[in-house]
Amino acid sequence: LEIAMTNNGTTTNLQLSSHTPSFEIRPKPIENVYLFASSVAKVGEEAKLLITTADEYFNIDHTFIGEVELSSNSSQNVVLPKSVIFLPQDSGKKEISIFFTNPGSYVISGKHLTGNIPVISSNPTRVDNEIPHIYWGDLHSHGAPSRDGVGRGRYEYARYARALDFMCATDHADHGKTIYGLSDREWARQKAEVLANHVPGKFIPFIGYENSYLYPTGHYNLIFNVKDEDIDKVPMWPMRVVNDIQTVWSLAQDSKIDMLTIPHHCGKVFNAQSEGDECKNCNAFGGIQYNEEYKRLIEIYSYHGLSESYDPNHNLSYYGRSKIAKSFDGPNYAQDAWALGEKLGVIASSDDHVGHPGSIVNGVVAVFANELDRDTLFQEMKNRYTYGTTGERIWVDFRVNKKLMGSTITIAPQSKPTISIDVMGTDSIDYAEVLKWDFKRGVFENGHPKFEIIAKYTTNNSDPKNLKVEFLDEGFTDS
């Protein structure tokens with residue numbers, strides 16, 4: 001902290017104080033202990049369980065001391081300690097190894113033995129040797145360098161407060177016409193933080209930033225895939241120099257850099273009163289706005305709200321998250337993009353502005369991959385082996401003809417595709433819905449594609465957190 005002193009309110013001869021005050025930042029009183037387990041595990045192989053403490057803002061209580069008893073829904077098939085003791089040196093968090101001896105679905109529970117602090121049960125774990133691992137992350141997070149954000153220490157928060165496997169700090173390369181985002185010093189610090197927090201097999205930071213282009217480009221996050229030793233080669237293409245996403249794609253092609261460009265809050269009017277019937281930050285889709293090489297994902301949800309389709313009355317709409325915002329009635333949503341032929345996988349991320357990536361209800365992305373490695377994660381994101389949630393570690397495996405979500409497949413005209421849904425919720429599931437768009441017979445309604453609901457399933461009362469079903473799409477024609 002630097003303190004500038006004035007002389008009776010005048011700003012002449014402004015000097016920095018020679019005093020250096022010390023600050024101690026503390027969490028509020030601890031509210032919960034959280035358990036985070038690997039979403040997919042293999043029989044006999046090590047899986048992880050993170051036990052972490054949290055105040056009401058999910059800050060870790062580094063002073064926590066106590067004992068937590070552990071159990072599971074099928075204790076004979078899970079090898080884990082009977083209890084875990086937290087000592088001062090644990091700083092309110094502890095990661096332990098667990099093992100599963102049989103396939104199945106498991107949830108780890110806990111009890112605070114030295115007090116009455118609630119212990120929140122883990123997300124579900126599916127033990128299956130045939131399924132890739134699911135890794136959780138946040139590819140859209142802001143802190144102090146963004147100017148409209150606060151907070152540092154995002155990587156530690158992501159790893160230990162929210163149990164993320166990977167994360168990208170995407171501060172604004174530019175923010176507004178007069179207030180710039182990342183300075184050269186901050187960009188260098190960002191790269192240094194990526195290097196300092198990279199723990200192969202444990203935690204993977206990516207390097208990237210956001211450019212908040214105006215319509216028709218809209219807001220994009222740029223996520224780069226580089227080895228640690230090449231991180232200084234990552235280019236900075238700020239908005240004041242590069243005016244549209246097409247130029248970014250051209251520069252990336254010329255420099256042969258591995259990159260993803262991900263649009264977000266694509267139809268949001270930030271201030272309905274000042275913008276009126278315009279959408280200054282909307283993303284357009286189709287035509288020159290599509291790039292098969294670099295634009296392969298869309299951020300379908302963040303704290304701003306849901307970007308799947310134009311639905312201003314949805315409880316997750318932009319207005320529902322901010323009373324001065326509204327949804328723009330234009331072809332600026334994921335369903336519009338799909339109907340225009342863009343092959344986009346979906347992610348969710350927080351877009352938080354307080355240095356809390358992965359924060360609850362703000363969005364996380366799941367990636368199917370065989371190992372926790374930067375290049376592996378990135379390539380699977382490019383393969384669209386992804387999905388998003390509002391923050392819960394919901395386990396989703398959706399397939400057509402046994403091919404993982406995101407795959408491109410061909411089906412013969414005489415065939416009927418087999419569609420399978422396998423979902424494990426962290427709470428009771430209301431329903432699962434399968435939507436389809438037909439490029440030949442699809443119907444537009446009020447300027448938007450009307451996706452057909454071809455299936456809707458609910459759970460049974462005896463097992464409300466799990467849904468597993470397979471069916472034929474009898475309405476499938478052509479190829």
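**Close-ups of a predicted model**

**View 1. Two buried rings, Phe 100 and Tyr 106.** Phe 100 and Tyr 106 are both buried. This is a predicted model, and a search through the whole of it turns up 18 aromatic pairs. Here the ring centres of Phe 100 and Tyr 106 sit 5.0 Å apart with 40 degrees between the planes, so this pair goes down as tilted.

View 2. Trp 187 comes from helix α2 (residues 184-197) and Tyr 209 from strand β16 (residues 204-212), so to speak a link between distant parts of the chain, 22 residues apart. Trp 187 and Tyr 209 are both buried.

**View 3. The disulfide of Cys 279 and Cys 282.** How many disulfides are there? The count is one. Cys 279 and Cys 282 make the bond, with 1.9 Å between their sulfur atoms. Why is it right-handed? The torsion about the S-S bond of Cys 279 and Cys 282 is about 80 degrees, so the disulfide gets that label. Cys 279 and Cys 282 are both buried.

**View 4. Two cysteines without a disulfide, Cys 168 and Cys 266.** Cys 168 is in no disulfide: the nearest cysteine sulfur belongs to Cys 266, and that is 18 Å away. With a relative accessible area of 0%, Cys 168 is buried. Cys 266 is in no disulfide either, and the nearest cysteine sulfur, on Cys 282, lies 8.3 Å away. A disulfide here would need the sulfurs within 2.5 Å. Cys 266 also counts as buried, at 0% relative accessibility.

**View 5. A three-stranded open sheet, β4-β13-β10.** The three strands line up in that order, and their pairing is mixed. At the edges are β4 (40-41) and β10 (104-106), each pairing on one side only. β4 and β13 (residues 125-127) run parallel and are joined by two bridges. Look for Ala 41, which stands opposite Val 127 in β13.

**View 6. Charges over rings.** Which ring does Arg 126 lie over? Arg 126 lies over the face of Trp 395, 4.5 Å from the ring centre. Elsewhere, Lys 456 places its charged end over the ring of Tyr 431, at 4.1 Å from the centre.

Methods: Residues are numbered from 1 along each chain as its sequence is written. This is a predicted model: local features need pLDDT of at least 70, side-chain atom pairs count only at pLDDT 80 or more; totals for chains, interfaces and linings use all residues. Side-chain values use heavy atoms; hydrogens and water are left out. Buried means under 20% relative accessible area, exposed over 50%, partly exposed in between (1.4 Å probe, protein chains only). Two strands pair if DSSP finds at least two bridges between them. Helices (H or I, at least four residues) and strands (E, at least two) are DSSP runs, numbered from the N terminus. Rings of Phe, Tyr and Trp (its six-membered ring) pair if their centres lie within 6.5 Å; planes under 30 degrees apart count as stacked, over 60 as edge-to-face and the rest as tilted. A charge sits over a ring if NZ of Lys or CZ of Arg is within 6 Å of the ring centre and within 35 degrees of the ring normal.
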